[in-house]
Amino acid sequence: PWIAGGMYHAGFLEEEFVPEVRPAPELLHWMVAAAARAHASRFPALVTEPGVRWAVGDQWVKADPEFQESWVQEPSFFEENGLAGLSGVAGFSDGRKLKTLAFPLQPDKWLVRVGGWVLSVRRSSAAARAQGPTRSRSLLALVSGRVHSLLYREQTPVPAHEPLLVLESLSLLVPHALPVDTQVVHWKVEAEEEVRAGQVLAVFETLKS
C-alpha cells in the first residue's frame, strides 16, 4: 500500500532508517486522526460516539485537547475490500510535512503510515467492549518480512506491551505487542516463514484485568 499511495521516492533511505525507539506524541495523535477520519468517512453518525478509545501499536493514546489537525494536502478517501482508507499530507507543529496513509485491515483497524513510521491503529468502542472481556481477535503483521521468533506458546498469558512475536524486515527486528493482557489461541505462522503486511499472524483473546 505504501507504493500505491506514492509514499516511496528517491530519498526513502534517509526517511526509513532514522533510529527512533518510540514515535513522538504528536505523531501518535496524527495516526489516530488519520484512522478516525477514514472511519468517519464511512460512519459519520459515529464521529461523536462516547466511550471510544484508540490503540496505536502497543499503547493507548489519550485525546489531547490542544491537538489540532492541519492537513497540508486535504485527505482523499478510498476503499479496500469494502473498508475505508485515507491518504494525505499532515502538517506538523515543527514545520514538517509528512505523507500519511491509513490502510484498512478490519472494520475498526488500520495500518497507518506517517512519514517513516508504520503502526497498527485500532478503534475500540464502548459498545464493542460491552460484549465481554474475552473476545477473539487477530494479530496482524505490521510489515512484510520473515518471522524471526514466536515468543509465547499457545494458551500462555502474555502481559500487556510484552512482545509476543518478532518479524525481521529490511534487516530490522520489528516486535509485535498488544496494549492489553492476552493469550494466543492459535499461531497462524511459524518461525522463518515469509509474511506480508496485514497478514494474520495469530488469533488471540483478551484476558480479564
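Biologist: Which residues of helix 2 are buried?

Modeller: They are Leu27, Leu28, His29, Trp30, Met31, Val32, Ala33, Ala34, Ala35, Ala38 and His39. Buried means under 20% relative accessible area, exposed means over 50%, and partly exposed lies in between, with a 1.4 Å probe and protein chains only. Please keep in mind that this is a predicted model, where local features need pLDDT of at least 70, side-chain atom pairs count only at pLDDT 80 or more, and totals for chains, interfaces and linings use all residues. Residues are numbered from 1 along each chain as its sequence is written, and side-chain values use heavy atoms, with hydrogens and water left out.

Biologist: What makes residues 25-42 a helix, and how does the span of helix 2 compare with the expected one?

Modeller: Helices are DSSP runs of H or I with at least four residues, strands are runs of E with at least two, and both are numbered from the N terminus. Helix 2 has 18 residues. The expected span is 1.5 Å times one less than the number of residues.

Biologist: Why is Trp30 called buried?

Modeller: Its relative accessibility is 0%, so Trp30 counts as buried. Trp71 is buried too.

Biologist: What makes Trp30 and Trp71 an aromatic pair, and why is the pair called edge-to-face?

Modeller: Rings of Phe, Tyr and Trp (its six-membered ring) pair if their centres lie within 6.5 Å; planes under 30 degrees apart count as stacked, over 60 as edge-to-face and the rest as tilted. The structure holds five such pairs. For Trp30 and Trp71 the centres are 4.9 Å apart and the planes stand at 85°, which is edge-to-face. Trp30 lies in helix 2 and Trp71 in strand 3 (residues 71-80), so the pair ties together parts 41 residues apart in sequence.

Biologist: And why is the pair of Trp30 and Phe92 called tilted?

Modeller: Their centres are 6.1 Å apart and the planes make 35°, so the pair is tilted. Phe92 sits in the loop between strand 4 (83-91) and strand 5 (97-106), 62 residues from Trp30. With a relative accessible area of 6%, Phe92 is buried. Ring pairs link Trp30, Phe67, Trp71 and Phe92 into a cluster.

Biologist: How do you know that the charged end of Arg96 sits over the ring of Phe92?

Modeller: A charge sits over a ring if NZ of Lys or CZ of Arg is within 6 Å of the ring centre and within 35 degrees of the ring normal. The charged end of Arg96 is 4.6 Å from the centre of the Phe92 ring. Likewise, the charged end of Arg53 sits over the ring of Trp60, 4.0 Å from its centre.

Biologist: What makes strand 6 and strand 7 a pair?

Modeller: Two strands pair if DSSP finds at least two bridges between them. Strand 6 (residues 109-114) and strand 7 have six, in the antiparallel sense, and Val112 stands opposite Leu119 in strand 7. Strand 1 (residues 53-56) pairs with strand 7 over four bridges, again antiparallel, with Arg53 opposite Ser124. These strands belong to an open sheet of seven strands in the order 2-1-7-6-5-4-3.

Biologist: Why is strand 2 (59-61) called an edge strand?

Modeller: Strand 2 pairs on one side only, and so does strand 3, the other edge strand.

Biologist: Why is Ser120 called buried?

Modeller: Ser120 has 14% relative accessibility, so it counts as buried. Its place is in strand 7 (residues 117-124), where eight of eight residues are buried. Contact means heavy atoms within 4.5 Å. Leaving aside neighbours within four places in sequence, the contacts of Ser120 include Ala55, Trp110 and Leu142.

Biologist: Is Pro157 buried or exposed, and what makes it so?

Modeller: With a relative accessible area of 51%, Pro157 is exposed. Pro157 lies in strand 10 (residues 157-158). Leaving aside neighbours within four places in sequence, Pro157 is in contact with Tyr152, Thr182, Gln183 and Leu207. The C-alpha atoms of Pro157 and Leu207 are separated by 8.1 Å, although the two are 50 residues apart along the chain.
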